[in-house]
Amino acid sequence: KQERSKFVIAFSQCVGNDAWRETMLEEMKRELSFYPDIEFIYRDAQGDNEKQIQQIRELLNSDINLLIVSPNEAEPLTAIVDSVFQKNIPVVVTDRKTSSGLYNAYVGADNTAIGHLAGQYIAQVSENRGRVAIVTGLMGSSASMERENGFREALEKTPNIQIDVQLSGDWEKEKAYLEAKKNMSSLQENDMILAFNDQMALGVKQALDEQGIDRIKIVGVDALPGAGNGLEEIMKGNLYASMLYPTGGTEAIRTAMAILNKQPYKRENILGTLVINKENAGLMILQSNKIQEQQKDIDKRQELIVEQKALYLNQKSTLNSVVISLVLS
Ligand code: FRU
């Protein structure tokens with residue numbers, strides 16, 4: 001391994017097949033393309049704690065230089081991630097956390113702050129009164145626990161807002177849809193609903209639509225661009241608002257590279273968040289389209305550089321053999 005690549009970075013992802021995490025991986029790969037001598041190993045645990053533990057155990061036994069991990073649920077993943085850290089393999093935790101705090105760096109938004117921001121926003125929209133239901137993510141995942149703490153804390157100051165209904169959608173649209181259907185009689189009594197991600201918010205929206213209920217304002221988290229994601233659904237009026245939750249793929253790789261190259265880095269790399277609603281979603285979409293165009297440009301340029309380099313090496317070796325044959329003749 002040592003001759004081929006300078007370092008091996010492993011990434012253990014809790015769930016692979018959702019748009020938010022696909023965006024994260026794309027960002028990582030793009031940033032990695034600037035470091036051709038890095039070997040990147042990717043493992044998708046498909047939302048299964050046991051599988052993620054097993055995958056990290058295998059990675060640990062395969063000479064990795066650094067682990068990036070987004071732990072499915074905090075408690076079950078803590079021991080194995082701690083054992084990587086204790087073997088002096090640097091650990092970059094991203095998005096979700098373990099419960100020990102044993103890591104070199106964290107990259108992601110502050111989920112308590114996101115819950116807090118959602119609470120403040122909902123209080124403002126509902127003029128400090130009414131009923132709000134919440135739809136949580138996977139109960140043991142740090143992002144869900146932190147969003148809930150932040151949200152409840154923000155609403156402690158508004159005694160006229162009641163949070164009586166709490167459903168769990170495990171971060172999944174389908175699950176949230178089914179839970180919403182099952183609990184429709186209590187759900188429909190609410191004025192607003194906060195789902196801890198946009199996909200669950202859309203599942204709830206679908207269930208309410210089927211009942212012909214469109215009075216309830218639904219707020220989510222993520223505000224991802226692309227068809228069927230938060231930004232577009234806000235523009236369509238299906239979601240009322242969403243708290244921006246950046247994926248941090250680029251920053252995770254940058255932090256990993258700084259650690260590997262023994263450059264200074266921060267332990268806490270907190271990404272910004274803000275409320276997205278109809279007023280600014282359009283602007284966000286424009287910006288994201290622009291960035292995508294620029295990324296395509298960068299990709300094209302990089303391909304050109306690779307081609308040029310190959311051409312140069314080829315010419316150099318031809319030139320060398322010409323020189324050699326001239327000298328010999
Ligand atoms: C994606 C996701 C996001 C959410 C995050 C929380 O898998 O469910 O929608 O914001 O994970 O960790």
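Strand S1 (residues 7–13) pairs with strand S2 (residues 38–44) in the parallel sense, over seven bridges; two strands count as paired if DSSP finds at least two bridges between them. Helices (H or I, at least four residues) and strands (E, at least two) are DSSP runs, numbered from the N terminus. Opposite Tyr42 in S2 stands Phe11. From S1 the chain crosses through helix H1 (residues 19–32) to S2, and this β-α-β crossover is right-handed, that is, with the strands pointing away from the viewer, the path from the first strand over the helix to the second runs clockwise.

This is a predicted model, in which local features need pLDDT of at least 70, side-chain atom pairs count only at pLDDT 80 or more, and totals for chains, interfaces and linings use all residues. Residues are numbered from 1 along each chain as its sequence is written.

Around the ligand there are 14 residues, of which Asp18, Trp20, Ala143, Trp171 and Asn197 come nearest; a residue is near a molecule if its C-beta atom, placed from the backbone, lies within 6 Å of it. H1 and strand S10 (217–222) each contribute at least two residues to this shell. Its composition is tabulated below.

| Class | Residues in the shell |
|---|---|
| Nonpolar (Ala, Val, Leu, Ile, Met, Phe, Trp, Tyr, Cys and Pro) | six residues |
| Polar (the others, Gly among them) | three residues |

The chain as a whole contains eleven helices and 13 strands. Its C-alpha trace spans about 95 × 45 × 35 Å along the principal axes.
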